Amino acid sequence: MRTLKELKPGEKAVITKISGEGAVKRRLMDMGVTRGAEIMVRKVAPLGDPIEVNIRGYELTFRKAEAENIFID
Amino acid sequence: MSFRFALVGNPNCGKTTMFNEMTGSTQYVGNWAGVTIEKKEGKARKTKEDIRIIDLPGIYSLSPYSMEEIIARDYIINEKPDVIINIVDVTNIERNLYLTTQVMELGIPVVVALNMMDALEAKGDKVDISVLGKSLGVPVVCTSANKGHGISELLEKAIQVAQAAKGKAVLSDIKMYDEEIEKCISEIEKKLVSALKEKNVNPRWAAIKLLEGDEKAKERLNAKESLIEDIQLYQEKLEKHYDNDMETVIADNRYRFISDIVSKAVQKKFKGSELTLSDKIDKVVTHKILAIPMFLLVMFAVFQITFGAVGSFTIDWTDAFINETVAGFATTWLEAGGAAEWLKALVVEGIIAGLGSILVFVPQIMIMFFFLSILEDSGYMARAAFVMDRLLRKLGLSGKSFIPMLMGFGCSTPAIMAARTLENEKDRRLTIILTPFMSCGARLPVYALFTAAFFAQNQSLVIFSIYLLGIIVAILSGILLKNTVLKGEAAPFVMELPPYRIPTFKGLMIHMWDRGKGFIKKAGTVIFAASVIIWFCQSFSFSLTMVEDASQSIFGVVGTFIAPFFAPLGFGEWKSAVALLTGFVAKEAVVATMGILHGVGEVGEDSVELAAALQASFTPLKAYAFMAFTLLYMPCLAAFAAIKREMNSWKWTLFTVGYQTAAAWIVSMLIFQGGRLLGLN
C-alpha cells in the first residue's frame, strides 16, 4: 500500500486508511482526511516539510510524519 | 424574554465579524476559567428581547483533545444556552458541516448560519437552502457577516426557535450513521435513560460518545462500572465488524453523511484548472526559493515600522507628554497646594514616572497589533507558519512562534503579547518563556556601556555575541522545557491554510483595540501598585525616612544583602546588585543606577567617567558575565505584567521569571568560572 508521502505535488489519490492513534489521527479526521476522500498534494514547504494538500475543497497543511500514516489507493 | 445564544463555528468562518456585528460595543472580554483562551460576551443590539451572545472558541470539532474544544463542549452541556448559532463558511461547506453534525447531537436547538454567501455567489456556485435545512433537520439562514447581511434575520430565527423550545431539549431525528451503528446507539440510549435522568444530558449524545470511547465524556457522565462495561461490548462488536476503531468509523460516517447532503444541495459552477487569486498569491508567498526571503522582508518591514522611526517617534512623544507635560502640571499643582515633599515625590517620581514607563509602550503595541492583525486576517500568518515550521519544530515550537520571538528583539512586552496568535496553549507558554531571551532594545545601552569600557577594540562583535547567546539559551531552554515541565503529546501540526482575504479596516481596528486595551487595563493595575512599591524601595530607608544616598535605601540594603549571591558570577559588590534590582523597572535603568552609585551622576551609556569607574571594579570577564546576566534575567516590569496577563496564572508567571533568573545565574556563573579556568581575566 502506498502512503501519501509518496505522492508528488500535483498528484491526486483516494484515501483508503489512516493509521496511528490519538490526537493527531483524530485531528486529521476532523479536518476531513477520512476514508474515501480525494486528496491532492499541492506543494512541499521550502525547507522540505510540511506539505500542503487540497481536500474537500480547501487547503490543509501537515507534516510528512503525518503523511506517512495516510494510506492511499 | 431573555435568552442566551452561543456562537459556534470553525476558525476563519467569520464568527468574530458576526459577533461584532451582533453585539457592537457591548462586548465584555474575559478568560475562560484557568486557561488563557479568551471568552467574549455581549448583548445583541437591535432586538426587543434581552439576548446575551456568547462567542465560543473557534473549533473544527468537539473532540476531547484540544482545550478550545473541551471548553466549547462543556459550556454547551453545562450552561445550556437557549440556542446554538452554528456559523458555517459556505465556501468551505464540507468541513464546516462536520462540526454541525456534532453540535446537532447535543440536544440544544441549533440554527445554522450559512455565512460568506457573497463570496459563494461571486464564485458562481449555488446552495439549495431548503434541501440543506431538511437534510440537517435544523433551520438555515443565509448571511454575509462582513457586509452585515442577514444578521437580523438570523437573530429573529434564533429567537423563534428559542421561544418554541422554551428551554426543553430538542431531539433531532436525523439518522446519519450506518444501520448497525444506529441500532447499537438506540439500544445504548435505552440503557442510559435512567442513569442520565438527573444529569440533564441528551442520551443519544451520551450513547455516541460512550460508543466512541470518549474518556472525557465517560468522566462527565460518571456512569456505573457495569453499564460502561456493557457499552464496551457494543463498541468491541462494532470495531470487529468494521475492523477499525469506533472514533474513525463515526468520523467516516459523519463525512459520508455530509458528502451526501452537499452533493444534493450545492451546485458548483464548472471550474477548469484555472488558478484562483489565492493560488496566484500562494505561488509567490510559498515559493521554494522566494518564500523565506519574502517572509524575512515582511517581518523586517513590520519590525522597522513598529520599533523603527514610527515606533520610536510615538515612544518619544508619549514619554515627553507624560514625563514633561503631565509631570510638570502635577508638580505645579502639588506645589501650589503646599503638598509635602514625599507626596510630591510619590506622585511625580513614583506614580507618574512608573506608569509613564509602561504607557509609552501603548502606541507601539497598537501599531504592532495592527500589523499582526493584517497578517492574520489576510491569511498570511498561516503561510508563515507553513514556511517556518521545520526550523522551529526542533525547539518544540511551531512555525507561528517565529513572529513573537522576532518581535522580542524590539521589545519583550509587545512580543509576549504577540504570542496570543498561537492556538496551542503549550506552544504559547513556551513561546512566552523563551521570547524575553531575545535581547530587547532596552538592554542595548547596558551592552554599549560595558563594551565601550572593556571591549573597545571589537565592540560590535561582542554585542553580537551577546545577542547570539540569547538565541542559544532560548534553543537549549526550548529543548529542556519541552522534555520536562512542558512535556506531553506534541500539538499536532495540522493546520488550515485559509484563502487570502483583504482585511476590512473595521475588522482590523476591532482586532487591534481588543488586544491592546487589555494591556492598558490589566497591566495598568499591576504596574500602578508595583511602581509605587519600587519607588518606595528606591527612595526610602528601612526606618521609613526619605534618603538621598541610594545605598541607604531599602534597595541599597537589600542589594548589599543579596550581593554575595552574585559573587560566583564575578560581580558580588552591592552596586551591581542594586543596579540589577533597578533593572526590573526598565533594563536601561541599570546604566543610570550604575552612574549614580559610582558617583558620576545620572549619565548615559557613552559616559567616559562611568566607563573609567567601571574599569576600576570590573574586568573584561566580569563585564561579560554581567552583560550575560542582564540579557537573561527576569524581564522588566512591563514585560512581567504582560507575562502575567498572557499566562493568566501566577504559578506560570513566577515559574517564567524564576526560570529566566536561574538561567541567567547559571550561564553567567559558567562564563565567569569557565573563563577563569581558561586563564581569562
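Tutor: We go from strand pairing to chain contact to domain contact. Keep in mind that this is a predicted model.

Student: Start with sheets. How do strands of a sheet pair?

Tutor: Through backbone hydrogen bonds, in a parallel or an antiparallel sense.

Student: How many bridges join strand 5 of chain A to strand 10 of chain B?

Tutor: Three, and the two strands run antiparallel. Strand 5 covers residues 58-62 of chain A. For one pair to click on, take A:Phe62, whose bridge partner is B:Val494.

Student: Now chain B. Do strands 1 and 4 run parallel or antiparallel?

Tutor: Parallel. Strand 1 (residues 2-9) of chain B is joined to strand 4 (residues 50-55) of chain B by six bridges. B:Arg4 has B:Arg52 in strand 4 as its bridge partner.

Student: And strand 3 of chain B with strand 4 of chain B: parallel or antiparallel?

Tutor: Antiparallel, over four bridges, with strand 3 spanning residues 38-43 of chain B. B:Lys40 has B:Asp55 in strand 4 as its bridge partner. These two strands form a hairpin, and six residues lie between them. Check the turn at B:Lys46, where phi is positive, about 60 degrees.

Student: Next, the chain contact. How many residues take part on each side?

Tutor: Count residues with a partner across the boundary, with C-beta atoms within 7 Å. Chain A has 31 residues in contact with 29 residues of chain B. On the side of chain A, helix 1 (22-30) and strand 5 each give two or more residues. Helix 1 of chain A has the largest share, eight residues. By class, that side has 14 nonpolar, six polar and eleven charged residues.

Student: Last, domains. Where are they in chain B?

Tutor: The domain assignment gives domain 1 (2-165) and domain 2 (179-267). Their centres, over C-alpha atoms, are 24 Å apart. The contact involves 19 residues from domain 1 of chain B and 20 residues from domain 2 of chain B.

Student: Which element gives the most on the side of domain 1?

Tutor: Helix 3 of chain B, with five residues. Elements giving two or more include helix 2 (67-79) and helix 5 (129-136) of chain B. This side of domain 1 divides into eleven nonpolar, three polar and five charged residues.

How values were computed. Residues numbered from 1 in each chain as written. Chains lettered and ligands numbered in written order. Predicted model: local features only at pLDDT ≥ 70, side-chain atom pairs only at ≥ 80, totals over all residues. Domains from an automatic or database assignment. Contact = placed C-beta atoms within 7 Å. Nonpolar A, V, L, I, M, F, W, Y, C, P; charged D, E, K, R; others polar. Pairing = 2+ DSSP bridges.
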